[in-house]
Each structure stands twice: as structure tokens, then as C-alpha cells.
Amino acid sequence: MQPMNRERPDLPEEEIELEEETALPAEPALDLGEAAPGALKAGIEVIAEFARHLPNRPGVYRMFDRAGEVLYVGKAKSLKNRVTAYARGMAHTNAVARMIAETANMEFVTTGTETEALLLESNLIKQLRPRYNVLLRDDKSFPYIFLSGDHPAPQIAKHRGSRQRKGDYFGPFASVWAVERTIDALQKAFLLRSCSDSYYENRTRPCLLFQIKRCSGPCTGEISHTDYQALADQARAFLSGRSSAVKQLLSERMQAAAEELEFEKAARYRDRLAALSAVQAGQDINTQGVEEADVFAIDEQAGQFCVEIFFFRNKQNWGNRALFPRADKSLSPAEVLASVVTQFYDDKPPPRLVLVSHDLPEADLIAEALCARAGRKVELAAPKRGERRDLVAHAQKNAHEALARKLADNAGQQSLLNALGAAFGMERAPRRVEVYDNSHIMGTNAVGGMVVAGRDGFMKSHYRTFNISSDTIAGDDFGMMREVLKRRFSRLAKEGGAATETQEPTPTNARGLPDAVEEGAEASSPSPAAITAEGASELVGLTPPELASDEAPFPSRPDLVIVDGGKGQFEAARKIMAECGASDIALVAIAKGEDRNAMRETFFMVGREPFKLPPRDPALYFIQRLRDEAHRFAIGTHRAKRKRDITKNPLDEIPGIGPARKRALLLHFGTVKAIQRAKLDDLMRTPGVNAATAKAVHDHFHDR
């Protein structure tokens, strides 16, 4: 692939305000030239200049604004044809027109095939999160079952995140609960260890899991590594889909043991068979003819979309997850679903079968991309009959119900935000509420927590923690609050959010389809532009991005800040926010009521005497929820930090001491205190520790 960059052309000085669109009629009817002639003309000239030098080859293009921010990432079968289509002016909707008007530079990467372009586009969208691309909004990674392959006694464990460790990963599962339940059953069936390698290496006698028959005890030689590896192979075969063969093997061994009158041994095999049956029987829906598949179904209501995904492995239902992509109302469900499928497998391998509820545009291209990502054949199908169709219909029903619940929750959440704005005398309901709380024990392990709420409820992907520096006096709650707010609003001012409201990018999908947009205030909806017949033929696959809902994107700047504390905390927060240029943001402090009565809190605001809200005011209940969530988040973060400090090994602080040398030192001396007291000569005699390492350990403890 060959990157192609060009210098940014000069642009006119005038700037325009681009209105946020809420909905696009299906039949566009307005010439774009009337909207913003200066900026639009300049953007067209920029794009036309690039189009002159582009090849007729597949590739990916990126559009940048004057500040260098990525506006849009798209793929094309022919870069020249696609980019030329943008420069025609008459052949775009309003959102594309806004994007063109903001374009000041473009970058290109040519690829060998359109499939490579689709895969690269998906990667870039997730990395860059462009403003005009549909983004698959899912802030939680999927859990997997991990069976390690770098140890003589493989470990079974729950896994999330990158796959750096050697071994087998089975999933994805829709929830942690499903993973934990399955691991528990597999431990009963195959007696595999779940402890960490360091815990395993330091055992001198079997742990409790061995006593309750959840582990075979390889750490102390209760089972040979050869026999343990056979158990691990059986578990691997079961998770890989060969469950019938594994159950048949266990059944035969149970019968053989019974015939030899070894009834205790036969009972153990019986219990293992029962555990495996529990894994397969405890599902809402199991399949007969579909062994491994992901099922995608989409539903649309009130201009919003929900995609429900079911995971089937080994003919078992491993759970489901509802995703809410942001997409313009003018897009068809099939276009949005195509975008979701493409982006979903950007960081995870696809199964052998992917079932979808609609016939997708460019289905062959998407299937080819999935095959390339998996390294084997992947079937993409929209079934019309049989068991496969029943699975899709069940997923679509769940998508409909999930979206109905979300719409109802959003309506209720908005009413609470309206009540909150009225209670605090705000001109409009807050769109983003930030709540701050601190947690520490006598000044140690002090942390600050920030939780964020909006129309979609608690926005957990926006939560932040602040490690309080040692410069703040231990136990100084006011100083801690000052430090947290100073760091938050200084950074916001540096990013431009303290003076003007910054907003998250308007999403579009992997191929440019608009994704869901988050929260925000209502905006006007300009009429879209006319699309000529010639332009329409050129724009096939352009999938112009648009805003998806009646609101603007979720802002990065809060409308309301709530701090947990009384007048002292309020004054500390007010002063530091004024220093950071955020004095225009509404600030409220909550003091607990008499006898810590949860219904009699006192509120402090600028320009108002301390006041209370009526005990049954819905706004008061909402504020209590916000405060309790901030309290929970801060305390949870503090406990996690304190736990890490308690369990931290002093040897971890020594450069060059890895797990192997740490294990060698502990096996030789027994305890860390003995290592601290050891002389240099004694350290040098430790097996597996060279002279340089011994000196580093000795100097670390004795210099201190």
C-alpha cells in the first residue's frame, strides 16, 4: 500500500456555522449551492485539486478540517471516481455538504483490492473516530474463556482485552456471568486449575479447590503433567465443538469403572458428565443444526436503531448483546446493519457462519473481508426459512424489545434532567452532568472520581479517576477537590472546551453510513440537496453521513457540576473553576442533612441562599442517585488502589527482576524480609541469579 499526501491548499478566510441536521427526507430537493456558497465552493476546490492526481485503484481516503482533525474515512473501489463525485456539488445531501465545506486537506492510501480497502477503513474508523463516520458504540469488550498454552499445567480463566498470551481463546460470551458459570462447570468436569502461575509455583500443598474437587492438584503432583494435559485436551475439545466425543469418552470410562467395581471412580465420571450436561442444557435457546454462528438482527423505531447479536458456539447459546448504532433516519436498516457487521469483527475473529436479518448491500464484499480476517471460509447469509430463520427471528424480536426499552428509558431520563434544570433555576435542562467525589483513608491512597450522566443515563465511558498527588496535604478534602477540578477544567480549557462547547464526532459507519449520535439539544433541520441522475450513479456506495436523532452529539463540556460536600467544598470548587475559565458552568454542592438524613440535603449555589428541595421532588431522588453513583465509583477506585498497594511485592520495584528471578529468590530465601536482610554473597549464591542482579537487589534494599 502506498500513502499519497498533498499539501493543504489555501482557503478563503470566511467561516460559516453549520447547522446540525435532525432528519433527512427521502426525496432531497434543494440545491446545495444556496446553503453556504463560500465554504462549500472552497471545499469543492480542495477536493477537485486532489481528484486530478488520483489513480483508478481501490483505496481509502481521509478528509481533514483546518485544525487537522479527521472528518471522514471512506473506502472506494476507484479513488478517482469516488473523490471526483464529492467535487460535483449537486450530488450530495446536507451532511455531505457540511463535510465538504469543512474539508481542507485529504490523505489517501491505495490498496491491492477493495476487500483490503474495506478492512483498512474499518481499522481507521475505530482508531480515529471521525466526526462524520458511523461509530459502533460499545464501550465494553466481550469476555472469553482462556486456556493457556505456555505452561505444563494449562490454566483456565476469564479473559478480556488483547490476546498477547499464548493459548486458546473461546468466545465471545455476551456477559461475564455466562463465562463464570461455564468455567465453574468446566472445573467440575475437567478439574482444571484457575489459579495464576505465580500462585501455582509457590504451592506446597493442595488448595481448597482440590479438596472440593474443582481442581486435580497439578501444583503439588497430585496428578502427573501428562494426565493433566489429557484433561486440558478434553476441555479444549469440548469448547471447540467436539462435545459429543468428549461425553462419549467419559461415558465409556464410567461404564468401564463400574464394571470393574470401582464405584467411586465411576461416580466421579458421572459427576463430570452431569457438569457438561449442565453447560449445554442451561441455555435459553440451543440449536440442532447450527454449531457455530453469530446472529445479527436490526430493528428501527422513531428513527433509532438497535442491533441484537446472539452468539452460538458448540450448538449452545452463549448469550446476546444489544448495540445501539447511531444512524441517520434516511438510511435503510440493511445499510446500518452492513456497517455494524463490518466494524464488529475489526478486533475479533468471525465464526464460520454469520446470519443477518436483512440482505446486505455489498454482501459478497463483506463476506470476502470476513474470510480474509478469519483466514478461512466465513459464510454470510440472510436465511429465509428453517432453523436459521427462526434464530434470526428470535434475535429480531429481542432487538425490537431492547430498543423499545431504551426509548422509554431515554424519555424518562430526559424528564429527570428537565426537573433537575428547573430545581436549580437553569435556563434549559442540562445535557451533561458531572458529579465529583473523593475517597481516602486518613489521606492514604487518595483518589477523586468523576461520573457523568446524560439523556442516556450514566455515561460510563466518560467516567474518570484522578490519583491525588502527594503534594496535597493528607486528609485535606478541600485541597483534594481543588486538585481534581483544576486538572479536569484546565485540560478542558486546553482542549478548547472551556470557552466553546466541543462535541464528539458525528458517527458514520465502516463504509460511511451514519451511526448513532449521542445526546444533545434539538437542532433545526435544513432541507437536503438535490441529487442529479448522473450524480446518483457516481454516488453508489458513498453512504453519506448524517445525524441520527433529534439531538446534537454528547458534549464534552458539562452544563452542571455537582460536588459532594458542604459550603467548604463549594467555595473550593467555585474558586478553582473561576480560575480555569469555567465560572459560567452551573455549580452545586450537596451537604448531607441532619443526622445524615437522605431526604434533607442542603444545596449550595452561586447567588442563592442554601436551600432544600421538597422531600418527594423527583429531582431530589435523581440527585441522590447521582451522588450515590459518584460515591460508589470513588470508593471502588480507592479500594482497588489500596488493594494493589497491599499486595504489591517490594521485588517488583527493582529494575530487571522479572517473574523467574523473583521466583528463584523467594524459593531460595522463603520471604521478602529474608531477601532484604541477605548479604550480597548470599544473594549471589541464589540459583538462577547472576552477580549483577544480586547487586541490584542488595543495593535497592540497603540504599533505602
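Here is a quick briefing on the chain shown above. It's a predicted model, where local features need pLDDT of at least 70, side-chain atom pairs count only at pLDDT 80 or more, and totals for chains, interfaces and linings use all residues. Residues are numbered from 1 along each chain as its sequence is written, and side-chain values use heavy atoms, leaving out hydrogens and water.

**The chain as a whole**

- You'll find 21 helices and 20 strands here, both being DSSP runs numbered from the N terminus (helices are H or I with at least four residues, strands E with at least two).
- Out of 704 residues, 50% count as buried, meaning under 20% relative accessible area with a 1.4 Å probe, protein chains only.
- Take the contacts (heavy atoms within 4.5 Å) with a separation of 6 or more: 70% of them join residues 24 or more positions apart.

**Glutamate 308**

- This residue sits in strand S9, which covers residues 304-313.
- Beyond its neighbours within four places in sequence, glutamate 308 touches several residues, including Val295, Phe296, Asn320, Arg321 and Ala402.

**Cysteines**

- The whole structure has zero disulfides, a disulfide being a pair of cysteine sulfur atoms within 2.5 Å.
- For cysteine 207, the closest cysteine sulfur is in cysteine 215, and at 5.7 Å that's too far for a bond.
- Cysteine 580 is buried, at 12% relative accessible area.
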